[in-house]
Amino acid sequence: MPKLSEEQLRNISTPLNLQRAENYVGKFIDCSVEGSLLKGTIKGNHGAYITTLQIDSDPIKFSCECSNSKEVFCKHAAALGLTYIYTPWVFASSRKLDRKSITTFDDIKFYIKTTTLKSLLDDVRGKNISSSQVAELAGVSIQQLSSIVKEDLNGKNHVLTDPLKIACLYLLCSQK
């Protein structure tokens with residue numbers, strides 16, 4: 001995925017807009033990335049705004065449907081950039097990370113956020129470890145595990161979803 005830094009955003013935005021943007025980070029819907037074009041829709045004070053950032057240009061090119069974007073790099077554009085920096089997995093992308101390619105902490109975060117708990121549990125079962133054993137290891141009942149898997153498949157994140165995914169990832173990487 002193309003790189004974007006906070007420094008690039010600071011170079012084009014005012015400190016006040018960056019501060020205001022923090023309230024919108026992670027609240028975009030329909031986020032996508034095509035090449036170096038980021039796109040997302042955010043609900044603002046006066047409706048929903050489609051916002052785009054072209055991050056391979058210097059300075060960054062942007063558009064937003066809000067009235068402020070005609071004059072300055074708006075808080076919505078800054079928030080789209082910050083969302084991409086901090087939660088890149090919310091952007092629909094064809095990028096998939098193979099478990100064997102994980103080398104960094106950011107790779108682990110990306111993998112956990114883009115892989116379903118169900119698929120990890122299926123892989124763990126392929127290593128002759130049952131879902132009941134995973135549930136026991138995590139200190140939850142099999143019914144709770146089943147409910148968390150369903151929530152994950154429906155796009156809802158339970159407080160135990162990511163820890164369960166990490167436990168599965170550990171089991172998969174530690175089993176020879």
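Predicted model: local features only at pLDDT ≥ 70, side-chain atom pairs only at ≥ 80, totals over all residues.
View 1. Let's start with an open space in the protein. The second largest pocket has a volume of about 300 Å³. Around it sit Trp89, Lys113, Thr114, Thr115, Thr116, Asp152, Gly155, Lys156, Asn157, Thr161, Asp162 and Lys165. Sorted by class, the lining of this pocket holds six polar residues, five charged residues and one nonpolar residue. Two helices, H4 (105-114) and H8 (161-174), each supply at least two residues of the lining. H8 gives the largest share, three residues.

**View 2. The buried residues of helix H4.** Which residues of H4 are buried? They are Asp107, Phe110, Tyr111 and Ile112. These buried residues pack against H8 and against helix H5, which covers residues 117-125.

**View 3. Helix H6 crossing helix H8.** Now meet H8 again, this time with another partner. Helix H6 (residues 131-138) packs against H8 at an angle of about 120 degrees, and the two axes lie 11 Å apart. The crossing of H6 and H8 is right-handed. On the H6 side, the contact is made by Val134, Leu137 and Ala138, while H8 brings Leu164, Cys168 and Leu171. What classes of residue make up the contact of H6 with H8? Six are nonpolar, with no polar and no charged residues.

Conventions:
Residues numbered from 1 in each chain as written. Heavy atoms only, no water. 1 Å grid on protein atoms, 1.4 Å probe; cavity = no way out; pocket = protein on both sides within 12 Å on 5 of 7 lines; lining within 4 Å. Points joined across faces, edges and corners; volume = space filled by probe spheres on them. Helix = DSSP H or I, 4+ residues; strand = E, 2+ residues; numbered from the N terminus. Nonpolar A, V, L, I, M, F, W, Y, C, P; charged D, E, K, R; others polar. Buried < 20%, exposed > 50% of the residue type's maximum accessible area, 1.4 Å probe, protein only. Contact = heavy atoms within 4.5 Å. Axes fitted to C-alpha atoms, helices over the stretch in contact; angles between N-to-C directions. Left-handed = near helix turned anticlockwise from the far one by under 90°.
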